[in-house]
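Here is a short briefing on one structure.

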Amino acid sequence: MINIVLKFVSCCRLAGLRISTSEVLDCLDQLKLVDMLDEKQFAAVLRANFAKSRREQFHFDRLYDLFFHELRQESGISHGDPLSEQIQDTLVTLGAEQNGNKTQQAVLDFLNGDPLAFLEQMQQGFMPGKGQGGGMGSNLGPMIQRLELMLQINAVDDMLMQYISDQRDRMQWETRRDLQTLFDARLASARRLLTRQGQSFEDDRTTTPSYQQNLDRLGDIHFASLIRKEVAGMRDAIDQLVRKLKDTVSRRYAAKNRGALDVKKTLRRAAGYQGIPLVLFFRHRPLRKAKIVTLCDVSGSVWSAARFMLNMLYSLQDCFTQVRSFVFVAGLDEVTGIFKDCEINEAIDKALKEAQIEYNAATDYGLTFRQFKRDYMEILNKKTTLIIIGDGRSNYSNPEEHILNEMRERCRRVIWLNPETQYFWFTGDSEMRAYQVCCHEVRPCQNLNQLLEFIQSLVL
Amino acid sequence: MKFKSVEHVRTELKKADYICSKTIATVVFLAQATQKPVLVEGPAGVGKTELSKAVARSLERELIRLQCYEGLDETKALYEWEYAKQLLYTQMVKEKIDDVIKGADSLSDAVDRIASQEDAFFSERFIQPRPLLQAISATRPVVLLVDEVDKSDPEFEAFLLEVLSDFQISIPELGTRKAVNIPFVFLTSNDSRDMSDALKRRCIHLYIDYPERELELEIVKLKIPQIDGQLARCLVDTIRNIRDLNLKKKPCISETLDWAQSLLALQVEDLSPEIVAETLNVICKHRADANQVAEKMEKIIN
């Protein structure tokens with residue numbers, strides 16, 4: 001018994017299942033406890049120990065079927081079988097004829113009920129980048145391997161036919177017929193294995209792209225070069241991230257009354273009530289919510305980055321005390337109201353259409369800052385984080401960086417997001433050099449990954 | 001009570017209103033015999049949680065349930081000190097403390113005397129056991145259900161691994177607690193992420209799939225005995241046909257049962273396409289799914 005199980009295990013391992021020794025030991029122990037003659041129980045024990053995920057189970061079931069059903073006769077049980085001698089004879093003769101071809105030998109072994117070599121060869125045929133031929137990442141090597149196996153199966157098939165008809169004089173026709181059906185069945189199962197494996201391992205999961213897959217695909221594309229379909233995918237990715245961030249933040253608030261006690265603070269408060277600790281304080285303290293003011297350059301290329309950021313900020317509104325946003329080209333307008341009233345994607349379109357700004361004018365950061373100072377300076381205070389998205393290209397007008405400096409004095413943080421490629425930041429009419437010194441932080445913001453990173457650091 | 005054989009498991013679970021296949025019975029029996037945890041996987045609603053409840057019922061053990069979620073940490077799973085209670089007690093026994101330190105010669109003497117009473121404050125009394133500690137310190141054997149373990153963070157999984165391999169928990173202030181009785185552990189997973197190999201290695205794996213036709217029929221008849229045999233057969237066939245479609249969320253056993261319930265309530269005697277269309281929202285939980293089923297109605301009801 002042990003031998004059969006071990007043989008099966010080595011088959012499974014060759015076919016790519018990972019089975020540890022301790023699992024084999026467990027399995028053998030457990031087999032003693034069940035009624036082994038009941039196949040359902042026997043199979044259940046093996047499956048419970050060797051195939052520990054859905055994907056592996058498909059694989060396992062196929063191997064189990066192969067090993068214990070299709071090749072059953074030769075598993076060492078049935079030496080009394082009248083055919084077994086004939087099979088041996090046939091295969092030995094054929095084995096002598098072939099000249100050292102490993103693959104063919106594997107097929108012959110398979111016919112003889114020993115699928116190890118065959119499975120190994122087949123497994124190689126499914127691992128990309130293995131086998132001879134083809135360079136990195138080419139699937140030519142594995143293809144060749146599979147093709148070779150296929151050819152050899154056919155070759156062996158022909159040889160068997162030939163052999164059996166040659167034996168017409170020496171064997172009874174019943175024996176010949178039985179041999180023929182047996183070998184046919186086995187070759188068929190070998191072919192089936194070879195052709196079926198590909199898809200069955202990648203089970204029938206539904207293929208909705210996960211959050212991570214979305215990110216992998218879209219994360220590094222420059223905002224400006226997104227096509228329409230990708231924009232939709234982008235929204236999904238953003239939605240997923242937003243949900244995740246919200247969960248994290250709300251958990252932080254939920255967890256504030258748990259964990260280790262802040263003894264110092266509790267006792268200090270208790271002193272007010274004659275030493276009775278009426279209020280408990282915990283070490284976990286959630287961060288204060290920030291107030292956000294955004295200034296978005298909506299001229300041409302920069303807008304694509306800004307819209308995604310606005311999308312996120314407004315989806316995450318719960319995480320901030322307040323979000324106010326302004327758009328500008330030359331001169332600025334507040335769009336907070338639009339975002340409050342409309343659904344987010346609608347709002348973004350609306351903001352572009354309805355904001356009272358001159359879209360065709362040349363971008364003028366100086367003018368924008370002057371207007372901001374005149375109308376909105378009082379909204380900046382020590383709790384405010386000011387986020388500016390723009391390339392800093394002010395068309396050689398006065399950059400007015402001293403106003404930005406004043407704004408910096410009034411807020412907690414000034415962050416500049418620049419959607420332009422970093423290489424061009426300080427060239428031509430870009431005033432980034434002047435603005436840079438007035439900001440606490442300047443970040444590149446060209447693709448989703450960079451944006452996500454920024455939002456995450458902002459919220460958490 | 002103990003299960004004596006695989007067949008015994010089946011009959012006992014049936015008594016506890018749970019009909020299972022031989023595979024399930026075998027795994028449950030083995031888990032009991034080898035005292036290993038069972039990792040149950042499968043689509044939502046095939047009765048993973050129900051299995052552990054049924055086992056608890058038939059073994060007459062208490063069921064302790066730990067629901068996992070992202071961010072679950074040790075204080076929720078293991079134990080927590082009750083600070084408020086500790087502080088209140090300190091206040092209440094203040095005079096007693098005065099007695100203890102009365103007559104102490106020096107400050108250090110007083111501190112020593114208080115230190116000798118320290119155990120009073122870090123004792124069982126002030127510890128709030130959470131599911132894992134409850135399961136381990138229970139005097140009678142229990143069934144521990146760690147539900148949706150795939151939702152928890154990998155760190156928690158590693159921590160769980162430690163508990164499951166030794167069945168002991170160390171509390172720094174009190175020392176190590178060893179399980180009096182090894183609990184019967186079920187971990188369920190919805191396949192939202194792969195569990196680590198180390199965890200899998202320690203568990204017996206069980207995949208519960210949608211049941212075979214006969215089994216499902218039996219389940220329907222067991223749970224809803226008043227249903228007509230012909231209707232039940234028709235219902236199960238229809239559900240199985242629906243499962244074959246490419247749906248977002250395939251109907252599972254619990255949905256079959258809900259549906260059977262609602263058909264009974266509507267006093268339906270025979271399934272017709274109209275009836276199916278009217279009661280579709282019991283089976284399909286997505287709009288797109290419902291549309292798809294409605295489109296392929298003839299194929300579903302033959």
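A salt bridge here is a side-chain nitrogen of Lys or Arg within 4 Å of a carboxyl oxygen of Asp or Glu. Between chain B and chain A the count is three salt bridges. This is a predicted model: local features need pLDDT of at least 70, side-chain atom pairs count only at pLDDT 80 or more, and totals for chains, interfaces and linings use all residues. Residues are numbered from 1 along each chain as its sequence is written, chains are lettered from A and ligands numbered from 1 in the order in which they are written, and side-chain values use heavy atoms, with hydrogens and water left out.

**Where chain B meets chain A**

- Chain B gives 34 residues to the contact and chain A gives 36 residues; contact means heavy atoms within 4.5 Å.
- The two chains bury about 2,900 Å² between them, 56% of it on carbon and sulfur atoms. Buried area is the accessible area (1.4 Å probe) that two parts lose on being put together, summed over both.
- K22(B) forms a salt bridge with D38(A), with the closest N and O atoms 2.6 Å apart.
- On the side of chain B that touches chain A, α2 (22–34), α4 (74–77), α5 (83–92), α10 (197–202) and β9 (204–207) each supply at least two residues. Helices (H or I, at least four residues) and strands (E, at least two) are DSSP runs, numbered from the N terminus.
- The largest share of that side, eight residues, comes from α2(B).

- Q32(B) sits in helix α2 of chain B.
- Q32(B) is buried, with a relative accessible area of 10%. Buried means under 20% relative accessible area, exposed over 50%, partly exposed in between (1.4 Å probe, protein chains only).
- Q32(B) touches K2(B), F3(B), L59(B) and F184(B), not counting residues up to four places away in sequence.
- A polar atom of the Q32(B) side chain lies 2.7 Å from the backbone nitrogen of F3(B).
- A277(B), in helix α14 (residues 273–278) of chain B, is partly exposed at 41% relative accessible area.

**Nonpolar cores**

- The largest nonpolar core has 80 residues, and those with the most contacts inside it are F8(A), L51(B) and V55(B). Such a core is a set of buried Ala, Val, Leu, Ile, Met, Phe, Trp, Tyr and Cys residues joined through side-chain atoms within 4.5 Å.
- Apart from it lies another core, of 51 residues, including A237(A) and L417(A).

**Salt bridges within the chains**

- Over all chains, the structure holds 30 salt bridges.
- R413(A) pairs with E441(A), the closest N and O atoms being 3.9 Å apart. This pair links distant parts of the chain, strand β5 (residues 413–418) and strand β6 (residues 441–444) of chain A, with the partners 28 residues apart.
- R413(A) is partly exposed at 26% relative accessible area, and E441(A) is partly exposed at 25%.
- E80(B) forms a salt bridge with R130(B), with 2.5 Å between the closest N and O atoms. E80(B) lies in strand β3 (residues 79–81) and R130(B) in the loop between β4 (127–129) and α8 (131–137) of chain B, so the pair ties together parts 50 residues apart in sequence.
- E80(B) is buried at 11% relative accessibility, and R130(B) is buried at 17% relative accessible area.
- E216(B) and R243(B) meet through their side chains in a salt bridge (2.9 Å, N to O).

Technical notes:
A polar contact is a pair of N or O atoms within 3.5 Å; within protein, one must be able to donate a hydrogen and the other to accept it, and residues adjacent in sequence count only if both atoms are side-chain atoms.
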